[in-house]
Amino acid sequence: MSAEESTTNALTADPLMDSPPIRPADAPRCIRLSDGDNVVVALDHIRRDCPLGIAGAVAGTDVPAGHKIAVTRIDAGQAIVKFGHPIGVATATIEAGTHVHTHNVAAEKLPPTDQAGDHGRVDEPSRERRSFEGIRRSDGRIATRNYLGIITSVNCSATVAKQIASKLEPELARWPNVDGIVSVTHGHGCCQGADDEGMLQLRRTLTGFCRHPNFAGVLVLGLGCETNQIGSMLESAEIAESANLKVMTIQGAGGTRAAIDQGTAVLRDMLEEAALEERTPQDVAHLTLGLECGGSDGFSGLSANPALGRAADLLVQHGGTAILSETPEIYGAEHLLLARAASPAVADKLRERLAWWENYVALHGGKMDNNPSHGNKAGGITTILEKSLGAVAKSGSSPLIDVYRYAEPITARGFVFMDSPGYDPMSITGQVASGANLVAFTTGRGSVYGCKPVPSVKIATNTHMYRRMRDDMDVNCGRIIDGDASIDEMGERIFELLIET
């Protein structure tokens, strides 16, 4: 399931000159990320016979920006090394200057070149107490937005939920403190076992949205006869009906029209209360940040992801929480996270989740390298191992404190991992259900997914896409590729924008 989609919700866009950057004739055309790498990454489109400026290599063909080029001969079966780690093996002999991609590389998991990892950098806690303008609910929860929600227990109540939200939207002009009405709909809730894994996960997700602080009030709406009975779903999460959480069914209301009218009346009463909420300074430690990448390209692991990782470290340093997800997209880079585990028990929890996914993929006749997607490959990512090494970069370098199931409430502060599929809408939905009240989303191809009721800051990996999709992007980390800013500078810029947003 997924929450109602929106485009970017961030407050401001990153200022940048309107004309495209011009790379000087003597500027590097490609970058070698580690001394042990046998490939480099093209910083812009490279023409055939162009000198690469590294190891005397010359491009043997045209190579798109973000793609890889061999800088030494690589024999068939030899590892392709990027980021200082194997990302696959050559399927044929690759001469220096050759474009390295899906036509001559296979995803084969090899032992990492650096087994030790960095064990997690422990920065001194920040003595500076930073704050953001947030909303403190009566029970002490801290919100970053002020929405009302309609949570559906079953697919049969989706249309009524959407109709209630649509009916109330024109009235929101009267309530400037209320950010909107969100209908959370899905395609499940019946014709499945009441206690099977799918139902339990659905219930965790729905009750996570029910208790989310960004909802000033919630109406839980069912049909009435579904397997996912509202009463038992709320009881399982120890959630009780209250003035700010109401329950109704379409059958109990007397049908579709009656349910729309009654539901509208219930939320209209909640609107008056929600409109009284005011923003006050709150400690940045109350921010829980979902870390996400989608529509990734060959620049994701070079610019936006490591910059976001720096921002995540700053948030953790200030007492906040950062959530990494998408378990299939740490495959091949898990050793970097295992080395940062705060305890053997935490490391074992991560290994167990990876083993579950390997078994699941095998059971359905698939393979972990079904990912990257078509767009990822067009942007220069060749294998899941390469994608994972770039994706893990957005987690920064803080110790891994705990590992959670999908949509499980996150109680620890610091850097944590939440199990999810390698699919950004599903991953973010789970992060929000787990308690994320802010999302930072890096993209190279141009993802526009948002997840109400939580604001989503979009971070571009390259300047070309940032300018083409300026209305959807908030930060341009292509400036790192262009040589205009460092990873640390952009990380600090992202951190400040997160607080402002």
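Let's start with helix 10 (residues 384-392): 9 of its 9 residues are buried, so the helix is largely enclosed by the rest of the structure. Here buried means under 20% relative accessible area with a 1.4 Å probe, counting protein chains only, and helices (H or I, at least four residues) and strands (E, at least two) are DSSP runs numbered from the N terminus. Among the buried residues of helix 10 are Glu 386 and Lys 387, along with Leu 385 and Val 392.

A word on the model: it is predicted, so local features need pLDDT of at least 70 and side-chain atom pairs count only at pLDDT 80 or more, while totals for chains, interfaces and linings use all residues. Residues are numbered from 1 along each chain as its sequence is written, and side-chain values use heavy atoms, leaving out hydrogens and water.

Now turn to strand 11 (residues 180-184), where 5 of the 5 residues are buried, so this strand too is largely enclosed by the rest of the structure. Gly 180, Val 182 and Val 184 lie on one side, with Ile 181 and Ser 183 on the other. Strand 10 (residues 147-152) pairs with strand 11 in the parallel sense over 5 bridges; pairing requires at least two DSSP bridges. Gly 149 has Val 182 as its bridge partner in strand 11.

Next comes the largest nonpolar core, with 35 residues. Such a core is a set of buried Ala, Val, Leu, Ile, Met, Phe, Trp, Tyr and Cys residues joined through side-chain atoms within 4.5 Å. Strand 10 and strand 11 each supply at least two of its residues, and the largest share, 5 residues, comes from helix 2. A second, separate core of 28 residues includes Leu 308 and Ile 480.

Definitions and conventions:
Buried < 20%, exposed > 50% of the residue type's maximum accessible area, 1.4 Å probe, protein only.
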